Amino acid sequence: MSCSHVVAAEVERGRFDETGADASWEDRNEALLALQRLFDEASTLEPGDGSAAAFDADAWRALRPCFQSCLRDLRSQLVREACALLGKIARACTDADGAPRPHVAKDGARPVVRDAFPTLLELLSSGNRLNARVADDCVLALLERCRDRRLVAMVHEAARGKSPHGREAC
């Protein structure tokens, strides 16, 4: 049974596509927390009878605006919750060795992680130390859990970049 419609509904509830609406940050935070609970439940799923994966490409497409807005937000609460959600997605969709859990997500959530990863690397060199620390923890957790050579290549490129803070963080 696909849970993509639940992800899309929570993203819609959080109104992540609206920009500059200070009043809606609580809605965004609540939607992030609800998504975290959903992926916590998904991490407890056991392999079934070969039915479809719980999360598919539609879920990852629905999450794209969520991470694009929250990881760039100046509120450290939203950045912290978005990073926590990325970590829970990685734990739910991959096993301890980094292999995808096909009954949760056949692709191991790699598309959503690859979409969010460059923004996390940008956060490492931001002036906000709290957000940088949260992003650093998230980058390390994603590298450990989602074994994808493209993530390592992104870190390598950031380490060779022009920003001295970015090079130091990588």
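**Reading an aromatic cluster and a helix face**

Phe 39, Phe 55 and Trp 60 form one aromatic cluster.

Mentor: This is a predicted model, in which local features need pLDDT of at least 70, side-chain atom pairs count only at pLDDT 80 or more, and totals for chains, interfaces and linings use all residues. Residues are numbered from 1 along each chain as its sequence is written, and side-chain values use heavy atoms, with hydrogens and water left out.

Trainee: How many aromatic pairs does the structure hold?

Mentor: Rings of Phe, Tyr and Trp (its six-membered ring) pair if their centres lie within 6.5 Å; planes under 30 degrees apart count as stacked, over 60 as edge-to-face and the rest as tilted. The structure holds three such pairs. In one of them, Phe 39 and Trp 60 are stacked, at 6.2 Å centre to centre and 20° between the planes. Phe 55 and Trp 60 are stacked too, because their centres are 6.0 Å apart and their planes at 25°.

Trainee: Is Phe 39 buried or exposed?

Mentor: Buried means under 20% relative accessible area, exposed over 50%, and partly exposed in between (1.4 Å probe, protein chains only). Phe 39 has 1% relative accessibility, so Phe 39 counts as buried.

Trainee: Which residues of α6 are buried?

Mentor: Helices (H or I, at least four residues) and strands (E, at least two) are DSSP runs, numbered from the N terminus. An α-helix has 3.6 residues a turn, so residues three or four places apart point the same way. In α6, the buried residues are Asn 131, Ala 132, Val 134, Ala 135, Cys 138, Val 139 and Leu 142. The face turned away from the buried side of α6 carries the exposed residues Arg 129, Arg 133 and Glu 144.
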